[in-house]
Amino acid sequence: MKQNLVLQWKLLFRRKEFYLSFAIMLGLAVAAFVTDCREYYGWDLSECHSASMLFYLRTYNVDFSGIVMSLYPLLAVLPFADSYIVDRHNAVLPVLLAKSKFRDYYFSKMLVTFLASFLVLFVPQVVNMALDAVAFPWTVPGDFTNVLYGWTYADTIESFAFPRLLNDHPGLYNLLFALTLSVTGGLMAAVSYCLSYILSKSRVLIICLMFLLLNVITLICQALRLSTDAHITSYLFPCA
């Protein structure tokens with residue numbers, strides 16, 4: 001099992017899809033930080049939003065959170081979920097199975113698939129949090145024209161997931177959000193990997209399956225008026 005894990009990690013680090021997904025997520029995280037710096041350049045720090053509020057996947061950052069959430073199902077699956085199909089296509093599967101049991105091959109590849117997606121999603125979010133924490137104050141009065149910092153703040157966050165955590169420890173709230181999103185992405189990738197043994201003739205379908213599935217669920221929910229939010233955060237952290 002250990003040898004299989006090492007081998008799968010080596011195969012992962014040779015895949016351009018892994019680096020592409022990571023580059024896109026990291027690029028968006030840094031771009032969001034740069035955009036915030038440009039927006040607040042020259043402002044008094046006491047009038048800026050706090051570092052936790054500027055986390056790029058909070059709904060305050062509509063543009064960047066919308067882009068990331070739209071690409072999220074693709075970026076989660078792209079790194080390694082189709083690797084079984086690639087092994088078959090490149091005719092290396094018989095060689096790999098000759099050196100190990102199918103069970104070890106299957107579960108080691110599933111674990112690496114999960115971890116690859118988790119890293120691709122989680123690390124850029126932490127980078128964005130760290131950059132915001134360095135450049136912006138952690139606790140500030142904020143812009144009082146913003147409803148979240150006004151007198152209705154307590155009422156507003158009641159519709160959020162874990163309102164007490166958000167109010168008392170917003171940084172931990174963002175970290176929990178990042179962990180939830182990343183673990184869910186890893187599970188999506190793992191499920192897609194398992195399905196690749198059934199849908200082994202279509203690599204494109206395996207990569208796009210979760211993206212299509214989530215969009216279909218969103219359309220159904222909107223048609224039934226079950227949700228007005230098209231982001232996956234509706235299912236993880238409502239009104240995050």
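The protein has an average pLDDT of 82, with 84% of the residues scoring at least 70, where pLDDT is the predictor's confidence in each residue on a scale from 0 to 100. The structure is a predicted model, in which local features need pLDDT of at least 70 and side-chain atom pairs count only at pLDDT 80 or more, while totals for chains, interfaces and linings use all residues. Residues are numbered from 1 along each chain as its sequence is written, and side-chain values use heavy atoms, with hydrogens and water left out. Over residues 142-148 pLDDT stays under 50, and the model has 18 contacts (heavy atoms within 4.5 Å) beyond four places in sequence for this stretch.

Helices α3 (residues 62-77) and α9 (residues 170-195) pack at an angle of about 50°, their axes lying 8 Å apart. The two helices are therefore oblique to each other, a term for angles that are neither under 35 degrees (roughly parallel), nor over 145 (roughly antiparallel), nor 65 to 115 (roughly perpendicular). To this contact α3 contributes Met-69, Tyr-72, Pro-73, Ala-76 and Val-77, whereas α9 contributes Phe-177, Leu-181, Thr-184, Gly-185, Met-188, Ala-189 and Ser-192. Of these residues, nine are nonpolar, three are polar and none is charged.

Ser-200 is located in the loop between α9 and α10 (203-223), and counts as buried because its relative accessibility is 18%, the cut-off for buried being under 20% relative accessible area with a 1.4 Å probe and protein chains only. When residues up to four places away in sequence are not counted, Ser-200 touches Tyr-84, Ile-85 and Arg-88.

Definitions and conventions: Axes fitted to C-alpha atoms, helices over the stretch in contact; angles between N-to-C directions. Helix = DSSP H or I, 4+ residues; strand = E, 2+ residues; numbered from the N terminus. Nonpolar A, V, L, I, M, F, W, Y, C, P; charged D, E, K, R; others polar. Buried < 20%, exposed > 50% of the residue type's maximum accessible area, 1.4 Å probe, protein only.
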